[in-house]
Amino acid sequence: MLYTPEHAPRPISEEQEEQVHEYAMRICEEIGLDVLHQGARKLLEEAGQKVDGDRVYFDRGFVMEQLAKAPHTFTLHARNPANTVEVGGGTTLWMGVGGPPFLSDLDEGRRAGTLDGHDTIIKLTQAASPLNCAQTGACEPTKMDVHTRHLDMEYSTLRWSDLPYTTYGTSGPKARDGIEMARIVHGGALGDRTALMGVVNSVSPLIWDFRMVDAMIAWAESNQATVVTPFLLGGATAAVSVAGGLAQQVAEALSGVAIAQTIRPGAPCLYGSFFQATDMRSGAPALGTPESIFGVFAGAQLARRYGLPFRGGGGLCSSNAVDAQAAAESSFMLWATMLAGTDVVLHAAGWLEGGLTASLEKFALDVELLEQLQVQQQGIGFSEEEFAFEALKELGPGGLWLAAEHTMEHFREWQYISPLFITQDFTTWKAAGAEETAARANRRWKKLLESYEDPGIDPDIDAELISYMDRRKSEPPPVDDD
C-alpha cells in the first residue's frame, strides 16, 4: 500500500506538535469554552470542571483522561454485513457530498435541492466503486418541511444504499430519529453496535452550542460514533496563522471528545479537521489552498498523536463551475487526503461552490480522480510476469511491444484506462465534435446511474421505516429543534 499513516507527510516536528498541544491545553484551561447545554455543563461540573455561567474551563488532566477512554478503532456496522468496516483499521471511508442546498447538472442547471436529487446522489454513491460509504444530506430538499425532511433524507440513504453511512443529525431530536431508524434497519435493536456516524461542528471560536451538544449526547448514549469537527476558517473563525488555528482546533476537538466520553466512556469519537483559509478580498472560504493542505496533513498527524481515527480532506473547492479551478483545488485536496492516510472522508465527490452546490458532473470528475488515486494506492507490482523478461527475450531488440502477446494479455490489468479523460489528437477530437470534459462528465454520471443496482430492503423493515416517518411527521416539532 502506497498511502498509509506510516508514510504520511509530517509537516510539524515533534517539538512543534508539543507546542500545539501546550497552547491547546492553555486555551482549555485559561480561556475555556462556552458550552450552551445545561445538562452537559452540569455533568462537566460534577466531573470536577470549573463552570462559570456558560463557560467551562477544561482541566488538561481531565481532557487527557477522557481522551484515553475513546477507542482507537471501532466497527461500523452496515445493514449489509459485507460492507461493515473497521474505522481506523486501515480502510479509508470515502463518501459523496453532503449538505448543499443546491443541485446542478448541465441539463437543468443550478436549482434548489430536491429529494429526487438526494436519491440520485445516494444511488451514484452506491454505484461508484471508489466510494464505500454514504452520507445523508447529499443535497437538502429545501422546499420540504425543515422539521421533518431529515426523515426523508435518512430513509433515502437507508433504502437506496446498503453501505455504512453518516447520519444527518443537526440537533438532538434529529439525531435520535436517525438512531431509531438505524435500530429498525438492524432488526429492532442495536445493543452496543455502532451503526452510524454523526458530525458535530463547534461554533468556532470556542463555543459548543446546544444543538450540537444535544446531538453528541444522543450518539454517545447509544454508542454511535461522533465525528468532532471544528469548522475553522483562518482569519474568520480561527487565527489567520496556521499554528494558531491548529491549537484552537485541538482545544475544540478534544473538549468535544471529553464531553462525549463524560456521557458514555468508550463511545466512538473521531478527530475531525475542516481547516480552510478565508479570502480576505471577499470573506468567502478559500478551499484547496496551501493552508487547506497543511490542515489535512497536520490534522492527520495530530489525530494520531491523540489515538483517534481521523476525518479530513475531501474533494473540496471554492470554484462556482466545473472548470480548471475546481479541478486544481479538488486535485490538491484529494491528493493530500489520500497521502495523509485519512480514515474518513466526507465530501469526496460532488462538492462545488464552497459546498453550496452538489454537482453531478463534479461528482463524476471526483470519482475519476479517486479511481486513479486508488490505483496508485495499490503500488507497483513485481511479479515474474510483470518483469516481462521472457516476453522481451522473445520480442528482441527493436521489437514492437504494441503488437506483443504480453501487451495484449495484460494491458487492461496493468494500465489505467480512463472512462472520462481522452488522449485523442486535436484533429480526431475536433472531428468527433470537440466535446469538453464537463460534457463527458455529464454522460459519465448518467452511465454510472444506469449501472446502479438496487440493494433491496426487507418489506417489513421498509414498512416499519415508513410508519415511523409518518408518525413523526404527524407530531409537533420538538421545542429544542426550531
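Predicted model: local features only at pLDDT ≥ 70, side-chain atom pairs only at ≥ 80, totals over all residues.
I started with a sheet: β8-β7-β20-β19 is the order of its 4 strands, the sheet is open and the pairing is mixed. Strands here are DSSP runs of E of at least two residues, helices are runs of H or I of at least four, and both are numbered from the N terminus. Two strands count as paired if DSSP finds at least two bridges between them. At the edges I find β8 (109-112) and β19 (351-352), each pairing on one side only. β7 (residues 102-105) runs antiparallel to β8, with 4 bridges. I looked up Phe102 and got Ala112 as its bridge partner in β8.

Residues are numbered from 1 along each chain as its sequence is written, and side-chain values use heavy atoms, with hydrogens and water left out.

Next sheet. I read the order β2-β3-β1-β12 for another open sheet of 4 strands, also with mixed pairing. β2 (50-52) and β12 (207-208) are at its edges with a single partner strand each, so one side of each has no neighbour in the sheet. β2 and β3 (residues 55-57) are antiparallel and joined by 3 bridges. Val51 has Val56 of β3 as its bridge partner.

Then the helices on that sheet. Helix α2 (residues 38-46) packs on it and touches β1, β2 and β3 (contact means heavy atoms within 4.5 Å). I get about 120° between the directions of α2 and β1. Helix α1 (residues 14-31) lies across β1 (33-35) and β3, at about 125° to β3. For these angles, axes are lines fitted to C-alpha atoms, for helices over the stretch in contact, and the range is 0 to 180 degrees between N-to-C directions.

Which helix crosses α10 at roughly 35°? It is α11 (residues 360-377), whose axis comes within 11 Å of that of α10 (residues 324-339). Ala, Val, Leu, Ile, Met, Phe, Trp, Tyr, Cys and Pro count as nonpolar, Asp, Glu, Lys and Arg as charged, and the others, Gly among them, as polar.

The largest pocket holds about 920 Å³. It has 40 lining residues, with Gly98, Gly99, Thr170, Asn201 and His347 nearest its centre. The lining divides into 15 nonpolar, 16 polar and 9 charged residues. I also found 1 cavity of 30 Å³ or more in the whole structure. The largest cavity has a volume of about 50 Å³, and Arg79, Tyr165 and His186 are among its lining residues.

Method: on a 1 Å grid over the protein atoms alone, a cavity is a set of points where a 1.4 Å probe fits but cannot get out; a pocket is an open set with protein on both sides within 12 Å along at least five of seven lines; lining residues have an atom within 4 Å of a point. Points are joined across faces, edges and corners, and a volume is the space filled by probe spheres set on the points.

Last, the backbone. Ser204 and Pro205 are joined by a cis peptide bond, omega about 5°. Pro205 sits in the loop between β11 (197-200) and β12. Asn223, not a glycine, has a positive phi near 65°, in the loop between α7 and β13 (225-228).
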